[in-house]
Amino acid sequence: MAEREDLFLRAKHRTFSGLSEDAEREWTGPFCFILAADPQLGLMKAWRDGDCEGGGDEWAEEMELTKRAVEAVNRLRPRPRFMLLCGDLVHAMPDTPFREGQERDLKAALKGTDPSIPLVFVSGNHDLGNTPTPRTLEQYCSAWGNDYFSFWVGGVFCLVLNSQLFYDASACPQPKEAQDAWLEEQLSRASTEPRPKHVLVFQHIPLYLKSPDEDDNYFNLQREVRQSLLERFKKAGVKAVFSGHYHRNAGGCHDGLDMVVSSAIGCQLGEDTHGVRVVAVTAGAVVHRYHSLEQLSAGGVDRDLRKLLDA
């Protein structure tokens, strides 16, 4: 039990392999990490029942899928440097029935993660509420760690953002201002020495699904916000933005900035299968492939990614 509690402690404080932040600023060669999105315990039955406004009174399916993902990731060699859950950890909104049980059971499923693979959590709209408040922010941070933060891993600078503050911060304007100021400072750091090999951003809601010019909808950020963030990210040399929320694979690459929308561990809303994304990081590139849980369990990482990691 102490070992598993340490796993969550390390995840909460974002340390990697026991190394200091200064050590993690140094490039030591190619590595991979796992991007997992939307386990969202409770959605699968709620979706079938046509009652997604409810919290979902059953989540055994999502528990099993999460455990399968953990088991597959644990077997990967080389071992991923971390596994990031990109929001909507559970389906029940804050202060609604089933929330406590869903959070408890997700943590139980994730405790099977090998202790050498830190967990990193991103806040989603179901984790904070569609219109977050100071109370829901506090609840999330108490359960899962900070709602925005940065970390270095293997010479790569990573920013985890609270995209709900970009989407609707009407009930918590001060946290939004704080994140905006913090983000500006972090992006400035990205251009100082030592320069990172890459700068990566993680957030739940995508900037866009297919094109930066697409219309606003539930699954992307509003165009004005989107364009502002794109300009700031490009100026700072951000290589890729990773997100979930859409429960389908999507995205695009424009002006050298990759927008990666990854489908879910849990409920699928399109034609994709339950899975996770393996991201290979080399000195010159960030290459990623979505793997179904069956594929990852049976065959491991795609051959082309393994070649990059072995180079």
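Lys176 and Asp180 are separated by about one helical turn, because they stand 4 residues apart in helix H9. A salt bridge (a side-chain nitrogen of Lys or Arg within 4 Å of a carboxyl oxygen of Asp or Glu) joins Lys176 to Asp180, with the closest N and O atoms 2.8 Å apart. Lys176 counts as partly exposed because its relative accessibility is 29%; the classes are buried, under 20% relative accessible area, exposed, over 50%, and partly exposed in between, with a 1.4 Å probe and protein chains only. Helices (H or I, at least four residues) and strands (E, at least two) are DSSP runs, numbered from the N terminus.

The model is predicted, so that local features need pLDDT of at least 70 and side-chain atom pairs count only at pLDDT 80 or more, whereas totals for chains, interfaces and linings use all residues. Residues are numbered from 1 along each chain as its sequence is written, and side-chain values use heavy atoms, with hydrogens and water left out.

An open sheet of 6 strands has mixed pairing and the order E4-E5-E6-E7-E9-E8; strands pair if DSSP finds at least two bridges between them. Strand E4 (149-153) and strand E8 (250-254) stand at the edges with a single partner strand each, so one side of each is left without a neighbour in the sheet. Neighbouring strands of this sheet are turned by 15 degrees against each other on average, direction ignored. Strands E6 (residues 198-202) and E7 (residues 238-243) run parallel and are joined by 4 bridges, and Val201 stands opposite Val241 in E7.

Helix H9 (residues 173-189) packs on the sheet, touching E4, strand E5 (156-160) and E7, and its direction makes about 170 degrees with that of E5. Helix H10 (residues 223-235) packs on the sheet as well, touching E6, E7, E8 and strand E9 (257-261), with its direction at about 125 degrees to that of E9. Axes are lines fitted to C-alpha atoms, for helices over the stretch in contact, and angles run from 0 to 180 degrees between N-to-C directions. Contact means heavy atoms within 4.5 Å.

The structure holds 15 salt bridges. One of them joins Arg135 to Asp95, with the closest N and O atoms 3.1 Å apart. Arg135 lies in helix H7 (residues 134-144) and Asp95 in the loop between strand E2 (83-86) and helix H5 (99-110), so the pair ties together parts that are 40 residues apart in sequence. Both Arg135 and Asp95 are exposed.

His247 lies in the loop between E7 and E8 and counts as buried because its relative accessibility is 3%.
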